[in-house]
Amino acid sequence: RGFFFFPNSPPAILDPRDVLGLYPDLAVAVADNEKDKPADWEAAATIGRALKGHKLLRAQVHLIKYLHGVRQRMAEKSESFAVGSEGAVDTALLKVLVRAEPENVQAFLQLPNSCNLEIGQTLLTDYEMYHELMCLFQTHNEHRRALDLLAQHGQGSPEGHPLHGVTATVEYLRALGSDHQQIVLEYSRWVLRTNPEMGLTIFSEPMGAATPLPVETVLMHLKAFDEDSLHDRDKGEEAGLRISYLEHIIAQGETSAQYHNALVLLYLDSVQRLKQAQSKSAGALLTAPVRYAAGKEPYPLGMRRRKLMDFLEQSSYYSPERILNKLPMVDLYEERALILSQLGEHENALSIYAHRLGDVQMAQEYCERLYDSASPTTCHVYLDLLKVYLKPPDASAPMTLQALSLMSKYFERVDAAKALDVLPPSTSLRSLLPFFESAIRQNSEVRK
């Protein structure tokens, strides 16, 4: 009862607009209902207008309970209400919540409501309840107005303000998805310029039932920011946003060759730009460039190149032939070897390790990694290395000592007859004794 008293009319059957009329500053469009007011309405209204201080607060708390009850009956459709009652009730409830229970305003506005948008905007702005105003816009599908508000306070408000920064905008856009594609693209721009890492989650981590934007659309959108970033920093590195986005969707299970190829090419372009920047830096200092193992270069080149090589080795969805044609002829030999391996061209890959890079250890590790006695494509990989040692691609001398060491160490993985066919005729029998002894010993153990 509390805030009003009608001895002849039970509250449940009162028109809620009559009740709101007790508080003229809460009422919304009640003039058309004047003739239906209870006889004792004027006396009750006079009392209501006179309430102040603690009594007014108690009356507002009771009014909140009453209006929540009305909203429930409206939702249950247990009785009929005059046209426009929903808007009057919700707008009045917003007003009284702002004044009496401001901590509950946000929860109320996050639910579907019929608040008068313009009245609500004025009220919440006057009370500087900007987060609640954003919720009001959102539940009324006024997404541009909500995002304009977030952009204004995200960029202009001081630190400590609840809407300062990009977080609120990111969460809002993540919940929109492809149904509001143009809005997402438009309002993500200032976020990506301000905080690229957070901005990327708009596209990589949609919230709730939001459908992700098409991959191609996102890549085109991110390309402009990658290019701007390159221009601003002039560090020789670009494509960071597109790379991070493609890494994410591939980690989530994307198997399209289009996007695996795109990631390899972006890695490759980034590595080449970073290498050029490193060479320019060394030239400016008049120092000889330091030679590093592939993937061990200083950051960020080493990190980017390591990612490229790992992806070339692990992904089975990119097109090796296409990527091979994009590689420079006089650089990135380790990457070329990995692609040749994907194509099954093991002799060519091993030739790069043994002759172009001069790294016998890498060549033997390649064989150890790929050898499978049951596989028709890799069961002869040690024989391939033997051929590489003994038949160099140029006029250099055969690597006979390395070949003999390989035969002795991996005798059980080398077909003896085929190995002897590869050896040059000048090979002495004495140098082959370790190989024959190991092979005979193994044969005897197998027979036992």
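Predicted model: local features only at pLDDT ≥ 70, side-chain atom pairs only at ≥ 80, totals over all residues.

Student: OK, then which hand does the crossing of α7 and α8 have?

Tutor: The crossing of α7 and α8 is left-handed.

Student: And what are the angle and the axis distance for that pair?

Tutor: Helix α7, residues 130–139, packs with helix α8, residues 143–156, at an angle of about 160°, and the axes are 7 Å apart. Angles over 145 degrees count as roughly antiparallel, so α7 is roughly antiparallel to α8.

Student: Which residues make the contact?

Tutor: From α7 you have Y130, L133, M134, F137 and Q138, and from α8 there are H143, R145, A146, L149, L150 and H153. Sorted by class, the contact of α7 with α8 has 7 nonpolar, 3 polar and 1 charged residues.

Student: What about the loop between α7 and α8, who's in there?

Tutor: N141 is one of the residues in that loop. Its phi is near 60°, a positive value in a residue other than glycine.

Student: Is N141 buried or exposed?

Tutor: N141 has 59% relative accessibility, so it counts as exposed.

Student: Which residues in α8 are buried?

Tutor: The buried ones are H143, A146, L147, L149, L150, A151, H153 and G154. Those buried residues pack against α7, α9 (167–174) and α10 (181–194).

Student: Let's take α10, then. How do the axes of α8 and α10 cross?

Tutor: They cross at roughly 5°, and the axes come within 10 Å. Angles under 35 degrees count as roughly parallel, so α8 is roughly parallel to α10.

Student: And what meets what there?

Tutor: On the α8 side it's H143, R144, L147, D148, L150, A151, G154 and Q155, and on the α10 side I183, E186, Y187 and W190. The contact of α8 with α10 divides into 6 nonpolar, 3 polar and 3 charged residues.

Student: Zooming out, how many helices and strands are in the chain?

Tutor: The chain has 23 helices and 0 strands. It has 448 residues, and buried ones make up 45% of them. Take the contacts between residues at least 6 apart in sequence: 58% of those join residues at least 24 apart.

Student: New topic: R242. Where is it found, and what does it touch?

Tutor: R242 is in helix α13, residues 240–251. Leaving aside neighbours within four places in sequence, R242 is in contact with L219, L222, K223, D226 and L266.

Student: So is R242 buried or exposed?

Tutor: Buried: R242 has a relative accessible area of 10%, and the cut-off for buried is under 20%. The other buried residues in α13 include L241, I243, Y245, L246, I249 and I250.

Student: What's the reach of α13, and what phi does G253 have after it?

Tutor: α13 has 12 residues and reaches 16 Å from its first C-alpha to its last, close to the 16 Å expected at 1.5 Å a residue. G253 follows α13 with a positive phi, near 115°.

Student: Where does L332 sit, and what is its phi?

Tutor: L332 is in the loop between α16 (320–326) and α17 (333–342). Its phi is near 55°, positive in a residue other than glycine. L332 is buried, with a relative accessible area of 1%.

Student: Which residues does the cis peptide bond join?

Tutor: Y299 and P300, with omega about 5°. P300 is in the loop between α14 (257–284) and α15 (301–314).

Student: Last one: where is L383, and which residues is it in contact with?

Tutor: L383 is in helix α20, residues 381–390. Apart from neighbours within four places in sequence, L383 is in contact with K418, A419 and V422. L383 counts as buried, at 6% relative accessibility. Also, L383 and E347 are 36 residues apart in sequence and 9.2 Å apart in space, C-alpha to C-alpha.

Methods. Residues numbered from 1 in each chain as written. Heavy atoms only, no water. Axes fitted to C-alpha atoms, helices over the stretch in contact; angles between N-to-C directions. Helix = DSSP H or I, 4+ residues; strand = E, 2+ residues; numbered from the N terminus. Parallel < 35°, antiparallel > 145°, perpendicular 65-115°, else oblique. Left-handed = near helix turned anticlockwise from the far one by under 90°. Contact = heavy atoms within 4.5 Å. Nonpolar A, V, L, I, M, F, W, Y, C, P; charged D, E, K, R; others polar. Buried < 20%, exposed > 50% of the residue type's maximum accessible area, 1.4 Å probe, protein only. Expected span 1.5 Å × (residues − 1).
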